[in-house]
Amino acid sequence: MSYMRNMLAIVLTGLAFHVDVISTFAEDAPPSISDAAFARERNAEIDASVARVEAQQGAEFERARNAEIETAFAAYQQAKFEHERNDEINASLAAVRDRRVREAQDIAEAEFERQQNAEADASMARVAAVQADEFEMDRNREINLAMAAYQDARFADERNAEIEASLAAVETSRREAEFVAARNAEIEISLSEVKSRQHSIETGSIERQ
């Protein structure tokens with residue numbers, strides 16, 4: 001503003017100097033009232049013009065200052081918005097990372113649990129298979145023992161039957177031998193009687209009855 005004020009002062013001073021130069025051509029003429037009034041009017045115009053210029057410059061400065069303030073405030077608001085937006089984006093990304101981490105942990109835990117369950121199922125299957133094998137071996141052993149006992153009992157029954165048959169045969173043979181001996185004895189007695197009768201007949205000594 002001071003620069004413009006100085007420039008206006010120089011211009012107006014030049015105009016006043018031109019008026020003074022013109023007045024010097026009237027030699028030996030004293031200044032009149034109209035000249036003083038004109039000078040005062042010119043000075044008043046100069047002051048008013050300077051005031052208008054200063055006011056205009058002040059308004060322009062005010063507008064420029066306001067524009068700068070508004071621009072700075074807009075930049076601040078934009079920076080604040082961008083900062084808040086960046087914070088929101090960072091928070092969102094952090095939330096996504098946390099969720100992915102939790103999901104990865106959940107997947108890892110689920111996989112670990114699945115593996116543990118699979119191992120437990122496999123272990124139980126192995127135990128069940130061993131128990132089944134042991135049960136089958138025990139069952140086969142029981143069957144073999146039962147079959148052996150059955151075979152022994154059958155053999156004993158067959159052996160007892162053979163012994164009983166043998167004893168029966170021996171008893172039969174003994175009875176037959178006794179019968180034969182008794183029969184032979186009877187036959188011998190009969191033969192003895194026959195021989196005795198024949199001898200009596202031969203000797204004529206048969207007793208009459």
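Student: How many residues apart in helix H2 are glutamate 171 and arginine 175?

Tutor: The model we are looking at is a predicted one. In it, glutamate 171 and arginine 175 form a salt bridge whose closest N and O atoms are 3.1 Å apart. Both residues belong to helix H2, and about one helical turn separates them, because their spacing along the helix is 4 residues.

Student: Which residues are linked with Glu171 and Arg175 in a network of salt bridges?

Tutor: The structure holds 13 salt bridges, and the one between glutamate 171 and arginine 175 has already been described. Glu171 and Arg175 are part of a network of salt bridges, in which they are linked with Arg174 and Glu178.

Student: What is the N to O distance in the salt bridge of arginine 114 and glutamate 111?

Tutor: Arginine 114 and glutamate 111 both lie in helix H2, with a spacing of 3 residues, or about one turn of the helix. Arginine 114 is partly exposed at a relative accessible area of 47%, and glutamate 111 is partly exposed as well, at 32%. Their side chains meet in a salt bridge, and the N to O distance is 2.5 Å.

Student: What is the relative accessible area of arginine 65, which meets glutamate 68 in a salt bridge?

Tutor: The side chains of arginine 65 and glutamate 68 meet at 3.4 Å, N to O, and the two residues are 3 residues apart in helix H2, so about one helical turn lies between them. Glutamate 68 is partly exposed, with a relative accessible area of 48%. Arginine 65 is also partly exposed, and its relative accessible area is 45%.

Student: Is the aromatic pair of phenylalanine 73 and tyrosine 76 stacked, edge-to-face or tilted?

Tutor: The count of aromatic pairs comes to 1. In the pair of phenylalanine 73 and tyrosine 76, the ring centres are 6.5 Å apart and the planes make an angle of 35°. Planes under 30 degrees apart would count as stacked and planes over 60 as edge-to-face, so an angle of 35° makes this pair tilted.

Student: What percentage of the residues in the protein chain is buried?

Tutor: The protein chain has 2 helices and 0 strands, and it exposes about 18,100 Å², of which carbon and sulfur atoms supply 58%. A residue is buried when its relative accessible area is under 20%. Among the 209 residues of the chain, the buried share is 4%.

How values were computed:
Residues numbered from 1 in each chain as written. Predicted model: local features only at pLDDT ≥ 70, side-chain atom pairs only at ≥ 80, totals over all residues. Heavy atoms only, no water. Buried < 20%, exposed > 50% of the residue type's maximum accessible area, 1.4 Å probe, protein only. Areas by Shrake-Rupley, 256 points an atom, 1.4 Å probe, with all protein chains shown as cover. Phe/Tyr/Trp six-rings, centres within 6.5 Å; stacked < 30°, edge-to-face > 60°. Salt bridge = Lys/Arg side-chain N within 4 Å of Asp/Glu carboxyl O.
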